[in-house]
Amino acid sequence: LVLTQWRARRSKDANAYFHVLADKLADARRMSKPKMKNYLLYHYGQWSRDKDGNLVCVKTNADEEELISRSDLHCWYMKDAPDGTPMYVLLEHSRFFDTREMSILIDGVVAECKEQGIETMTPAEIDELKKRWGIDE
């Protein structure tokens, strides 16, 4: 028997929309798509936590650009450890977000897109998507 935390289901449209907007932002900022997604997950997504609620971090001297540009592992630089070694927080994959978490991510990505002049859905279209995701704001 395996117990897992219950999460409200959401439409896969939300995750697809995140990836479309993140790719547009990456192109606009001339950044790799994986790095942009990690940037967005760091700022608007969910940081990984262990069963006790502690942040899950990696302490490594690996090349920072290579590490934060990965698509199989989502992480972002946090700070240096007391010994000077860089520490990176692990980030949750957006496909595992519940409706509230995805809503926060989409709102942040839309705001970043607007700053860059990237066309997004209208507020009414986003509200309609949120209704389909089961979010009442």
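C113 is buried, with a relative accessible area of 0%, in a model that is predicted. C57, by contrast, is partly exposed, its relative accessible area being 32%. As for bonds between cysteine sulfur atoms, which would have to lie within 2.5 Å of each other to count as a disulfide, the count in this model comes to 0 disulfides.

Another residue to look at is W76, whose place is in strand β2, the stretch of residues 75–80. Is W76 buried or exposed? With a relative accessible area of 14%, W76 counts as buried, because buried means a value under 20%. Leaving aside residues up to four places away in sequence, W76 touches K35, N38, Y39, Y42, I68, M87, Y88, V89 and L91. The C-alpha atom of W76 is also separated by 8.8 Å from the C-alpha atom of E64, a residue that is 12 residues apart from W76 along the chain.

R30 sits in the loop between α1, which covers 12–29, and α2, and although R30 is not a glycine, its phi is positive, at about 55 degrees.

The accessibility values given so far are set side by side here.

| Residue | Relative accessible area | Class |
|---|---|---|
| C113 | 0% | buried |
| W76 | 14% | buried |
| C57 | 32% | partly exposed |

The next topic is the packing of helices. Two packed helices are described by the angle between their axes together with the distance between the axes.

Helix α2, made of residues 33–44, packs on helix α4, made of residues 99–116, at an angle of about 120 degrees, and the two axes are 9 Å apart. That angle makes α2 oblique to α4, and the crossing in which α2 passes α4 is right-handed. Which residues of the two helices meet? On the side of α2 they are Y39, L40, L41 and Y44, and on the side of α4 they are I104, L105, G108, V109 and E112. Sorted by class, the residues in this contact of α2 with α4 are 7 nonpolar, 1 polar and 1 charged.

The crossing of α4 and α5 is right-handed, and the contact is made by T99, S103, I106, D107 and V110 of α4 together with I126, K130 and W133 of α5. By class, the residues in the contact of α4 with α5 divide into 4 nonpolar, 2 polar and 2 charged.

Finally, the protein can be viewed in outline. Its secondary structure comes to 5 helices and 3 strands, and from the N terminus on, these elements follow one another as α-α-β-α-β-β-α-α. Of the 137 residues in the protein, 41% are buried. Among contacts between residues at least 6 apart in sequence, 65% join residues that are at least 24 apart.

Methods: Residues are numbered from 1 along each chain as its sequence is written. This is a predicted model: local features need pLDDT of at least 70, side-chain atom pairs count only at pLDDT 80 or more; totals for chains, interfaces and linings use all residues. Side-chain values use heavy atoms; hydrogens and water are left out. Axes are lines fitted to C-alpha atoms, for helices over the stretch in contact, and angles run from 0 to 180 degrees between N-to-C directions. Helices (H or I, at least four residues) and strands (E, at least two) are DSSP runs, numbered from the N terminus. Angles under 35 degrees count as roughly parallel, over 145 as roughly antiparallel, 65 to 115 as roughly perpendicular and the rest as oblique. A crossing is left-handed if the near helix is turned anticlockwise from the far one by less than a right angle, and right-handed if clockwise. Contact means heavy atoms within 4.5 Å. Ala, Val, Leu, Ile, Met, Phe, Trp, Tyr, Cys and Pro count as nonpolar, Asp, Glu, Lys and Arg as charged, and the others, Gly among them, as polar. Buried means under 20% relative accessible area, exposed over 50%, partly exposed in between (1.4 Å probe, protein chains only).
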